[in-house]
Amino acid sequence: MGVIKVVTPAVRRRLITGGGVTAGVVGGAVIALVMLAMAASAGQNLWPVLKGASAPFFHARAMARGFDAGPLMIGVLIHFGVSIVWGILFAMVVFGLSKPATIAMGALWGIIVFLVMHFIVLPLVMTGGHAPRASSMAVPIIEHILFGLAVGIGFLPFQRERPEHLPWWREHRVH
């Protein structure tokens with residue numbers, strides 16, 4: 001008979017919170033690195049990738065070429081803060097799923113994050129209500145799917161499968 005690891009509500013909260021934060025940081029780092037690599041390969045200015053999240057506060061200064069400490073620090077903090085929130089929400093939704101299901105849900109989560117950020121959050125926070133739009137939606141969608149996969153993989157060490165999903169557990173449970 002297998003070992004049953006009991007996850008108390010307190011342990012569950014710690015796993016979801018700690019795992020969500022970790023997953024958000026992993027996802028935020030992956031999408032930042034992907035965006036930096038894409039900008040570098042296209043010969044574009046790299047600083048707006050790191051400063052871009054500060055645009056609602058620093059406007060054109062956030063998108064200007066070159067180093068600028070204020071927008072850079074605020075942009076990175078906002079980027080990772082938002083990624084962490086998405087990571088915690090993901091952990092709340094998927095906690096208890098199998099590890100393969102967690103990774104699959106990560107890809108779906110990336111699409112959900114894209115839709116919410118691109119069509120709701122960015123238009124609300126950008127000056128004049130107009131978020132920058134790419135000529136093709138494929139690149140930001142792929143970036144966000146990679147974000148979601150990274151969040152899913154980042155959460156795996158914290159994932160605990162619910163015993164009630166295991167057939168042998170249902171059969172031997174005491175009523």
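**Helix packing and buried sites in a predicted model**

Q: Which residues does Ser83 touch, not counting residues up to four places away in sequence?
A: The model is predicted. Ser83 sits in helix α5. Leaving out residues up to four places away in sequence, its contacts are Gly24, Gly28 and Phe147.

Q: Is Ser83 buried or exposed?
A: Buried means under 20% relative accessible area. Ser83 has a relative accessible area of 5%, so Ser83 is buried.

Q: What is the secondary structure of the chain?
A: The elements run α-α-α-α-α-α-α-α from the N terminus on. There are zero strands. The count of helices is eight.

Q: How much of the chain counts as buried?
A: The chain has 175 residues. A residue is buried when its relative accessible area is under 20%. The buried share is 30%.

Q: What share of the contacts with a separation of 6 or more comes from residues 24 or more positions apart?
A: Take the contacts in the chain with a separation of 6 or more. Residues 24 or more positions apart make up part of these. Their share is 64%.

Q: Which helices do the buried residues of α7 pack against?
A: Helix α7 covers residues 138-155. Its buried residues include His144, Phe147, Val151 and Phe155. Phe147 is also touched by Ser83, and Ser83 lies in α5. The buried residues of α7 pack against α1 (9-41), α5 (69-94) and α6 (99-125).

Q: Are α5 and α6 parallel, perpendicular or oblique to each other?
A: Two packed helices are described by the angle between their axes and the distance between the axes. For α5 and α6 the angle is about 130° and the axes are 11 Å apart. The crossing is right-handed. The two helices are therefore oblique.

Q: How many charged residues are in the contact of α5 with α6?
A: On the α5 side are Val82, Trp86, Leu89, Phe90, Val93 and Val94. They meet Thr102, Met105, Gly106, Trp109, Val113, Val116 and Met117 in α6. By class, this contact has eleven nonpolar and two polar residues.

Q: Where does Ser54 lie, and what is its relative accessible area?
A: Ser54 is in the loop between α2 (47-51) and α3 (55-58). Beyond four places in sequence, Ser54 touches His59, Ala62, Pro71, Ile74, Gly75 and Ile78. Ser54 is 18 residues from Leu72 in sequence, and their C-alpha atoms are 7.5 Å apart. Ser54 is buried, with a relative accessible area of 0%.

Q: Is Phe58 buried, partly exposed or exposed?
A: Phe58 belongs to helix α3. Leaving aside neighbours within four places in sequence, Phe58 contacts Gly70, Pro71 and Ile74. Its relative accessibility is 22%, and buried would need under 20%. Phe58 therefore counts as partly exposed.

Q: What is the C-alpha to C-alpha distance between Pro48 and Ala64?
A: Pro48 lies in helix α2 and counts as buried at 15% relative accessibility. Leaving aside neighbours within four places in sequence, Pro48 is in contact with Ala62, Met63 and Ala64. Pro48 and Ala64 are 16 residues apart in sequence. In space, their C-alpha atoms are separated by 6.9 Å.

Methods: Residues numbered from 1 in each chain as written. Predicted model: local features only at pLDDT ≥ 70, side-chain atom pairs only at ≥ 80, totals over all residues. Heavy atoms only, no water. Helix = DSSP H or I, 4+ residues; strand = E, 2+ residues; numbered from the N terminus. Expected span 1.5 Å × (residues − 1). Buried < 20%, exposed > 50% of the residue type's maximum accessible area, 1.4 Å probe, protein only. Contact = heavy atoms within 4.5 Å. Axes fitted to C-alpha atoms, helices over the stretch in contact; angles between N-to-C directions. Parallel < 35°, antiparallel > 145°, perpendicular 65-115°, else oblique. Left-handed = near helix turned anticlockwise from the far one by under 90°. Nonpolar A, V, L, I, M, F, W, Y, C, P; charged D, E, K, R; others polar.
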